[in-house]
Amino acid sequence: MARSTRMDQSELYIEDEDSPVMKTVKGATTGLAAGALWGTIVATWHDVPRVERHVALPGLIRTLKMCGNYGLTFAAIGGLYIGVEQLVQKQRMKRDFINGAVGAFVAGASVYGLKGRSFQTAISAGSCLAFTSAVLDIGDRSTRIDNGREYYPYTTEKRPSTST
């Protein structure tokens, strides 16, 4: 039986404990943290500029700049993605993969289009992120099926006695 993805206004807000603004802030914050971490990793892969003996400031400044650049890029993508997804969901009154695809396209096209300063780059980046988001969302955002069974990290059944 097909499940309807159409929702009324009350269901939209009762189902979610966070407001769309809070989800957008959380998306941007998560993007900032992930981007800063990725910037740190990328900075360790590149050569650190030559420094004088016992002076680490140029290397530290370069690493912090990379962390900031990656962090702000990821924060912009995360915030735009979630924000546009929530806006489209509210306008369409549906929760499906199209909301995420539109959010991903807008985020990719605007952020990477501005970085690449090219319309072709914007369309390509937006399309790639939209396709990836749609593929991930089509799986109903679930990694497992609830079949009613509980799984424990240990056995709950008694073992047969081994003594004779």
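Visitor: Is Trp 45 buried or exposed?
Guide: This is a predicted model, where local features need pLDDT of at least 70 and side-chain atom pairs pLDDT 80 or more, while totals for chains, interfaces and linings use all residues. Numbering runs from 1 along each chain as its sequence is written, and side-chain values use heavy atoms, leaving out hydrogens and water. Buried means under 20% relative accessible area, exposed over 50% and partly exposed in between, using a 1.4 Å probe on protein chains only. Trp 45 has 59%, so the label is exposed.

Visitor: How do the rings of Trp 38 and Trp 45 pair, and at what angle are their planes?
Guide: Rings of Phe, Tyr and Trp (its six-membered ring) pair if their centres lie within 6.5 Å; planes under 30 degrees apart are stacked, over 60 edge-to-face, the rest tilted. The structure holds one such aromatic pair. The centres of Trp 38 and Trp 45 sit 5.6 Å apart, and the pair is edge-to-face because the planes are at 85°.

Visitor: And how exposed is Trp 38?
Guide: Trp 45, its ring partner, counts as exposed. Trp 38 has 35% relative accessibility, so the label here is partly exposed.

Visitor: How many disulfides turn up in the whole structure?
Guide: A disulfide here is a pair of cysteine sulfur atoms within 2.5 Å. Searching the whole structure gives a count of zero.
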